[in-house]
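Reader: I have a model open and want to go through it with you. Can you start with the terms and then take my questions as they come?

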Amino acid sequence: MRYLVSGKEMKLLDQNTSQVFHVPELVLMEQASMAFVQKLLLLKQNKLSTALIACGSGNNGGDGLAIARLLREQGIFVFVWLAGEEEGHRTSSSYDVQKQICSAYSIPVVQKEKVSAGEASYDVVIDALFGTGLSREISGELANDIDVLNQLSGWKVAVDIASGICSDDGAVLGTAFRADDTITFSFGKKGQYLWPGNEYCGKVHVVSMGITQESWLDHKPHTAVLEPEDLKKLPSRMAHTNKGSYGKLLIIAGSVNMSGAACFCAKAAYRMGSGLVRVFTCEQNRLILQTKVPEAVLVTGQENEEETLLAEQLQWADAVVFGPGIGTGQRARRMTSTVLAQCRVPLVLDADALNIIADQPELLEQAKTDIILTPHPGEMSRLTKKPVSEILTTLEQSAETFAKRFHVICVLKDFHTVTAVSDGMTYVNLSGNNGMATAGSGDVLAGVIGSLLAQGMKAEEAAPLGVYVHGLAGDAAKEKCGVRGMMASDIIEGLKEVEKS
Ligand SMILES: NC(=O)C1=CN([C@@H]2O[C@H](COP(=O)(O)OP(=O)(O)OC[C@H]3O[C@@H](n4cnc5c(N)ncnc54)[C@H](OP(=O)(O)O)[C@@H]3O)[C@@H](O)[C@H]2O)[C@@H](O)CC1
Ligand SMILES: [K+]
């Protein structure tokens, strides 16, 4: 697991390192710039001969000037554009020092007219206009400067973060540099991974500049990304066990003409390691379920006995998934009330269950168990009564606010799904790909998380880990089918590859 930080947190880490651990700002700047150059050369295998470095007037610009000097040392023809100063902005003291050094080495300075005229071309265009210090919309000449950079040909690389992207949430503040790659210091910044910032920052490379975990002091980071080593947290398999040792999962899913959701969910749960899965569904789905997932035990009932049967099944289960394909009619609404009132084991609420709860959020408050909700932005919009556009641009905040308000875990699904757990941690998921935007993918996720819960994982661990594993399964499916050919069943098959990794 690694942490992602906001701009404010990065500033705090910088300050603590300078003030408590006595590492001067210029030393950090030198280390950052050296690490940047090392990475840059590695990425292009030393095949660079010309570079343009556009510098703002703060410390990001200071980095840019140090980078110019270090690239020159490597025999690269460098040109700096002092865009911040040209626009009359106040310079930082470290920028002033770096500029003095550059002047002493006679590093060539180009003016805007020359850059915008496109007279020269550069192998790499480096953006050091703004970093984590960006605090408001970029306007006027500086906005135009960014547009000028975007129009240049050549490989585009951002120093720390693409200028114009808010480090905290990925918003575009006015306009933004479009980087192919971003080389960032010490910690990934949240805005590099959240939409639309992720599209502007390109591939993000984190390099060390000498700020270590100690610099957190007593502040606790609260956004994390799971990594391959976190797969060790998956429930272990012992030698002397039987199918009952891996939990009893109840999946309440499917309705007339909606059998697929139940199939995907149950299959995914078995592939995730469940030993016993029961599917509570309607009688009409018997044949298809018994053909597609013969491993699952089916429970169906007549309308007049269904409520009693459901209550009995809730008693049997170690974990419950409720919602995929249940519809939003009277039967589904009755079941929602029963499940939320009577379930005493960890519960995943997905799909139609979320749409029903959107009309009766008080049901969530009455529940007496750990709940994980897995809305996509459309469902989240119905749950919160906020437009989808707002949810998409405030993904982390939306998940966090909902989790805190209802004391639940909120898995807000998107290209980079955000999981907010009730203790204040949020996880940004980086596994997966756009081929997973396909029917049934969400049912698979619900089955994966449900399975982990039934195997005894705590809800706050099962939710982010389930999301991560689901993404890895999607990546395995991409290898086999490509992003267009991928279907939910391929993601289920992909779960086998995650197990092998
Ligand atoms: N600190 C350290 O130890 C190290 C930091 N490092 C590097 O420093 C970077 C952060 O540097 P930074 O804090 O100087 O801010 P930066 O992003 O360069 O912006 C400059 C100034 O612009 C201003 N401003 C803001 N928004 C604006 C707008 N829309 N339009 C116009 N002006 C605007 C704002 O000043 P304000 O006007 O708000 O007073 C801001 O201060 C970081 O990303 C990393 O690259 C590394 O060297 C390692 C050591
Ligand atoms: K930058």
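Author: Helices (H or I, at least four residues) and strands (E, at least two) are DSSP runs, numbered from the N terminus. This is a predicted model, in which local features need pLDDT of at least 70 and side-chain atom pairs count only at pLDDT 80 or more, while totals for chains, interfaces and linings use all residues. Residues are numbered from 1 along each chain as its sequence is written, and chains are lettered from A and ligands numbered from 1 in the order in which they are written.

Reader: Ok. How many helices and strands in the protein chain?

Author: The protein chain has 20 helices and 18 strands. Its C-alpha atoms fill a box of roughly 85 × 45 × 40 Å along the principal axes.

Reader: What percentage of the residues count as buried?

Author: 50% of the 501 residues are buried. A residue is buried if 20 or more other C-beta atoms lie within 10 Å of its own, exposed if 12 or fewer, and partly exposed in between, with C-beta atoms placed from the backbone.

Reader: And what share of the contacts comes from residues 24 or more positions apart?

Author: Of the contacts with a separation of 6 or more, 73% are between residues 24 or more positions apart. Two residues are in contact if their C-beta atoms, placed from the backbone, lie within 7 Å.

Reader: Which domains does the assignment give?

Author: Domain 1 is 2-221 and domain 2 is 228-500; such bounds come from an automatic or database domain assignment. Their C-alpha centres lie 41 Å apart. In the contact between them, 8 residues of domain 1 meet 11 residues of domain 2. On the domain 1 side, the touching residues are 5 nonpolar, 1 polar and 2 charged. Ala, Val, Leu, Ile, Met, Phe, Trp, Tyr, Cys and Pro count as nonpolar, Asp, Glu, Lys and Arg as charged, and the others, Gly among them, as polar.

Reader: Where does UniProt put "YjeF N-terminal"?

Author: The UniProt record, an unreviewed entry, has "domain: YjeF N-terminal" at residues 10-217. That span is 39% helix and 16% strand, and its end C-alpha atoms lie 13 Å apart. The record also places "domain: YjeF C-terminal" (unreviewed entry) at residues 226-501, a span with 49% helix, 12% strand and end C-alpha atoms 15 Å apart. UniProt positions are in the numbering used here, feature names are shortened, and annotations may be inferred rather than shown by experiment.

Reader: Switching to the ligand. Which residues come nearest to ligand 1?

Author: G58, N59, N60, G131 and G133 come nearest, out of 29 residues around ligand 1. A residue is near a molecule if its C-beta atom, placed from the backbone, lies within 6 Å of it. Helix 1 (7-19), helix 2 (25-43) and helix 3 (59-73) are the elements that give two or more residues to this shell. Helix 3 has the largest share, 5 residues. By class the shell holds 10 nonpolar, 13 polar and 6 charged residues.

Reader: Now strand 4. Buried or exposed?

Author: Strand 4 (residues 124-128) has 5 of its 5 residues buried.

Reader: What are its bridges to strand 2?

Author: Strand 2 (residues 50-55) runs parallel to strand 4 and is joined to it by 5 bridges, with L52 opposite V125. Strand 4 is also parallel to strand 5 (residues 155-159), through 4 bridges, and there V124 stands opposite W155. Two strands pair if DSSP finds at least two bridges between them.

Reader: And in what order do the strands of the open sheet run?

Author: The order is 7-1-9-18-17-16-15-14-13-10-11-12, 12 strands with mixed pairing. Strand 7 (188-189) and strand 12 (297-299) are at the edges with a single partner strand each, so one side of each has no neighbour in the sheet. Within this order, strand 15 (residues 371-373) and strand 16 (residues 409-412) pair in the parallel sense over 2 bridges.

Reader: Which residue in strand 16 does I372 stand opposite?

Author: I409. I409 is buried because 26 other C-beta atoms lie within 10 Å. Leaving out residues up to four places away in sequence, I409 touches several others, including I371, A403, T419 and A463.

Reader: Last one: where is G424?

Author: G424 is in the loop between strand 17 (418-420) and strand 18 (426-428). It counts as exposed because it has 11 C-beta neighbours inside 10 Å. G424 and K404 are 20 residues apart in sequence and 7.8 Å apart in space, C-alpha to C-alpha.
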